[in-house]
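Dear colleague,

Please find below the structure that I am handing over to you. My findings follow it, and I would ask you to read them with the structure open.

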Amino acid sequence: MQVLLAWSGGKDAAWALHVLRQRDDVQVVGLLTTVTIEYRRASMQGIRVEVLRAQAAAAGLPLLEAGIPARCGNDDYDAAMAGALARAASRWPGLRTAAFGDLFLADIRAYRAQRLAAVGWELLTPLFDADTAALARQMRAGGLRAHLCCVDTRQLDARMAGRVFDESLLRELPAGIDPCGENGEFHTCVSAGPMFAAPLRLRQGETILRDDRFAYTDFSLAPL
């Protein structure tokens, strides 16, 4: 079965790719990311598009980019995704399955399934229902390296932005914060792991606050 994987540049998408590649019945043929048109960054994580492209190259997969506006409503998102899926189906005839790295938010999973079904696609969520504390440890033990690139300051201290996703950080997370940030507490930028042929060399930049809420730490490709 051919699969198109939704790619955010973060740890859950990266680990979903690793898990899917362990299966004999699945072939991940490409990655699909939504990019905010005005900023040229991943829509939630805020990861630069050139970093996303470098991640895809390290994974050995083509990256399909769906542009969405900064003030994106559901209709905008659905239209961008439908267009991207149509292009993917044209490129890979027979491809009708999209995978997402969702962990336990059933309402989001149901929404994705509904919207995919509306355009004739099926949903695959290889990490769903995982114990997120155990999953976080498994990611680290498996060689995944990531940094927090976005922190919701209403849930987590802004000083966590830019931190390495490691055992030290996991121990410091306050009670009620999901170890994988599945409730939107934080997002990550992956630079290494078993899904990549080689690590990415990233340079950490400044951290800025947007919308009086989200602390974004910038990561760019380090010069050779």
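In this predicted model, Lys11 lies over the face of Phe165, with 5.5 Å to the ring centre.

The structure holds 2 aromatic pairs. Trp7 belongs to the loop between strand 1 and helix 1, and Phe196 to the loop between strand 8 and strand 9, so the pair ties together parts that are 189 residues apart in sequence. Both Trp7 and Phe196 are buried.

Phe165 and Phe186 form a tilted pair, at 6.3 Å centre to centre and with 45° between the planes. Phe165 sits in the loop between strand 7 and helix 6, whereas Phe186 is in strand 8, 21 residues apart. Phe165 and Phe186 are both buried.

The axes of helix 1 and helix 5 are 11 Å apart, at an angle of about 70°, which means that the two helices are roughly perpendicular. Helix 1 contributes Lys11, Asp12 and Trp15 to the contact, and helix 5 contributes Leu135, Gln138 and Met139. Of these contact residues, 3 are nonpolar, 1 is polar and 2 are charged.

Yours sincerely

Notes
Residues are numbered from 1 along each chain as its sequence is written. This is a predicted model: local features need pLDDT of at least 70, side-chain atom pairs count only at pLDDT 80 or more; totals for chains, interfaces and linings use all residues. Side-chain values use heavy atoms; hydrogens and water are left out. Rings of Phe, Tyr and Trp (its six-membered ring) pair if their centres lie within 6.5 Å; planes under 30 degrees apart count as stacked, over 60 as edge-to-face and the rest as tilted. Helices (H or I, at least four residues) and strands (E, at least two) are DSSP runs, numbered from the N terminus. Buried means under 20% relative accessible area, exposed over 50%, partly exposed in between (1.4 Å probe, protein chains only). A charge sits over a ring if NZ of Lys or CZ of Arg is within 6 Å of the ring centre and within 35 degrees of the ring normal. Axes are lines fitted to C-alpha atoms, for helices over the stretch in contact, and angles run from 0 to 180 degrees between N-to-C directions. Angles under 35 degrees count as roughly parallel, over 145 as roughly antiparallel, 65 to 115 as roughly perpendicular and the rest as oblique. Contact means heavy atoms within 4.5 Å. Ala, Val, Leu, Ile, Met, Phe, Trp, Tyr, Cys and Pro count as nonpolar, Asp, Glu, Lys and Arg as charged, and the others, Gly among them, as polar.
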